[in-house]
Amino acid sequence: MRCLIVEDDPVLATQLAQALGDGGFACDTAADGERGEYLGATESYDLAILDLGLPGLPGIEVLTRWREAGVSMPVLILTARGDWTDKVAGFRAGADDYAVKPFRLDEVVIRAQTLVRRAAGHAQAVIKAGPLKLDSQLGVITRNGMALRLTGFETRILSYLIHHQNRIVSRTELSDHLYDAAADRDFKSIEVVIGRLRKKIGEGLIETRRGEGYVLRAPD
Amino acid sequence: MKRPRFFRDSIRARLIGLSALLIGAALVAGYLTIAAILDSFITDRFDAESEAVADALIAGATVDDAGRLVAGPAPTDPRFGIPLSGWFWQIQQDGRVAAKSASLFDNVMTPPEADFIGGAGTGPGGQPLRVLRHTFTLPDSNSVMAVVVSAPRAEIDESVSRLRRPLAVSLSVLGLALALASVLQVAAGLRSLDKLGRDLRAIRSGKADHLPLPPVSELRPVASEINGLLEQNRRVLSRTREHVGNLAHSLKTPLAALDNTLPADHPGHALVARMDRQIGWHLRRARSSGASRVLGQRTPVTPVAEDILMVLRGPIRDSGLQIDLDLPPALAFAGERQDLEEMMGNLIENAVKWANAQIHISGRPDGTDRLLVRIEDDGPGMSAEDHALAIARGGRLDESGPPGTGLGLAIVADLAALHGGQLRLQRSDLGGLAAILALPA
């Protein structure tokens, strides 16, 4: 899962990136509204964390422009004022959730995971895919009730596939949602990781469609 | 002299009083002037009549061979024949009466030995007379002749008063008409002021946000000055809010970072939470203190409730709550949207937090200038003692707890009080808490 953090305070931005990284997100950060708007409108993110009190372009304006441009990722706004006027303005502009400063990082991470899960159409915190179960709040994936031992990168790929089960996910889409903007994208390593995942979760669950991408098959 | 309170307090009374005074004075002066002119006109007419009689007597007078004055034909006016009518004439030679009118009967007039017109005299019956006396000479005599003619004062006075009465009546009618006109004029003039007053009341009650420019040019500067004041008031307030918002942001962002650098069990978390609550409380107070003084605000309740529910749709969906919204569309709060959002937001959020399955939001007008908004849930509710405790203002600032919690109801009670309203907590029929907001409408 890729996440965009638009926050002008460098300490808080770093803390958020760290906490969300631990929660399974690949994070990009933007320190002002213009940069944030640009990244959000041009990159594929699964989530944006947007501070309303930004220098330059205000957060509400960034959000409005995203929505006008058809950017539909879930957006969690951070407000310092914490009054309802801020919240209402944020939701009217298209926000999906809010956190009032000062907030606990783990709370923001849980909200972020909930938003991503809901955006993929899953109402419950635990998403099922055949024998697999993803607890989106804990970031734990189990197979037939047994916790799988996965690396961070494997977890990200499998979470994405579970969120978008039963449809073809291209390698480009997958890489768009796995790497932050600074990382080198590498289809080879995705293939390698998919191969390792097949061994850990059992053959037959992840199909390769030649020239198209991967499908996580999860018949009900 | 101290004027009565009524005259000092009322422009209407002052204007009407002043114009009544001036109209009265002008009419009295007019009456006196016209009456004096009529008096002299009528008296002059009587004098002219007497003069004509005197001239005729002089013209008819001759001297006989013995040098005695002989009167010519008597004046034909029959009034000179009625005994003691007051209409008298006599001609005399060297003070001796030579001839006289029949009306004098056996009396004679004894006017002073001088020529005059319009002198006062007294007739034989004691009646007052207006008298003229002319001396003359005749060609064949050295004697001093005199003619005396009188008219009865009573008849003159009666003629005068016959004219004065209709004059007084018509001037009184004119006075009444003028007084009525001035009352109408004052009323018409002050209607603009009354309208200005109504427009101001409409602003105060939130039904308008500025004064319409009055059609009369004299009130336009006043109205635009008032509009300018309202605008300035709004600007100052929104600037203050902006500063307060910036301050909140610049304090709370590092506070958030600080909180997250502390280890989980660090006692500093409690301090951070306390700082957060203090900042929030005081910033909110600073932001809201001007609110009740901003005139001309009117916020419909339904859109605010819908906005709040939009913000809370996530938690509502997650816990499967059923929300009943029962608000008349015309229900509006006489105050700023931000404040209504803050009050309803906190109450509905609270209800969402505690409700098991349903929340009921209803509202209705309460009299002409109040409204009631009721937010009920079917959660556990509170005890009666906790009701009072929950809305005790500022009483929970220093209590421990996670940041941003525990103050909701106190904030709402405080805001409602700033608007002259009230927050009441009761047990709801649904089983949980019923929060009732009474606000100006």
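**Strands, helices and the chain contact**

Tutor: A:Thr79 has A:Val100 as its bridge partner in E5(A). Keep in mind that this is a predicted model, where local features need pLDDT of at least 70, side-chain atom pairs count only at pLDDT 80 or more, and totals for chains, interfaces and linings use all residues. Residues are numbered from 1 along each chain as its sequence is written, with chains lettered from A and ligands numbered from 1 in the order in which they are written.

Student: How many bridges join E4(A) to E5(A)?

Tutor: Four, and the two strands run parallel. A:Ile77 is also in there, with A:Tyr98 as its bridge partner in E5(A). The names come from DSSP runs, numbered from the N terminus: helices are H or I with at least four residues, strands are E with at least two.

Student: What about the other neighbour, how many bridges join E3(A) to E4(A)?

Tutor: Four again there, also parallel. In E4(A), A:Leu76 is the bridge partner of A:Ile49. The chain gets from E3(A) to E4(A) through helix H3 (residues 59-68) of chain A, in a right-handed β-α-β crossover. Right-handed here is when, with the strands pointing away from the viewer, the path from the first strand over the helix to the second runs clockwise. E4(A), H4(A) and E5(A) make a right-handed β-α-β unit as well.

Student: Is E4(A) mostly covered or open?

Tutor: Mostly covered, with five of its five residues buried. Buried is 20 or more other C-beta atoms within 10 Å of the residue's own, exposed is 12 or fewer, partly exposed is in between, and C-beta atoms are placed from the backbone. A:Val75, A:Ile77 and A:Thr79 sit on one side of E4(A), A:Leu76 and A:Leu78 on the other. In a regular strand the side chains alternate between the two faces of the sheet.

Student: What order do the strands have in that sheet?

Tutor: E2-E1-E3-E4-E5 in chain A, an open sheet of five strands with parallel pairing. Two strands pair if DSSP finds at least two bridges between them. Strand E2 (26-30) and E5 of chain A are at the edges with a single partner strand each, so one side of each has no neighbour in the sheet. From one strand to the next, the twist averages 20 degrees.

Student: Switching to helices: at what angle do H6(A) and H8(A) pack?

Tutor: About 85 degrees, with their axes 10 Å apart. Axes are lines fitted to C-alpha atoms, for helices over the stretch in contact, and angles run from 0 to 180 degrees between N-to-C directions. H6(A) and H8(A) are therefore roughly perpendicular, a label for 65 to 115 degrees, while under 35 is roughly parallel, over 145 roughly antiparallel and the rest oblique.

Student: Which residues of H6(A) meet H8(A)?

Tutor: A:Phe153, A:Glu154, A:Ile157 and A:Leu158 in H6(A), which meet A:Val193, A:Ile194, A:Arg196 and A:Leu197 in H8(A).

Student: And how many residues of chain A are in contact with chain B?

Tutor: There are 20, in contact with 25 residues of chain B. Contact is C-beta atoms, placed from the backbone, within 7 Å. On the chain A side, H4(A) gives the largest share, five residues.

Student: What does chain B have for a sheet?

Tutor: An open one of five strands, ordered E9-E11-E12-E14-E13, with mixed pairing. E12 and E14 of chain B pair in the antiparallel sense over seven bridges, and B:Glu376 stands opposite B:Ala434 in E14(B).

Technical notes: Two residues are in contact if their C-beta atoms, placed from the backbone, lie within 7 Å.
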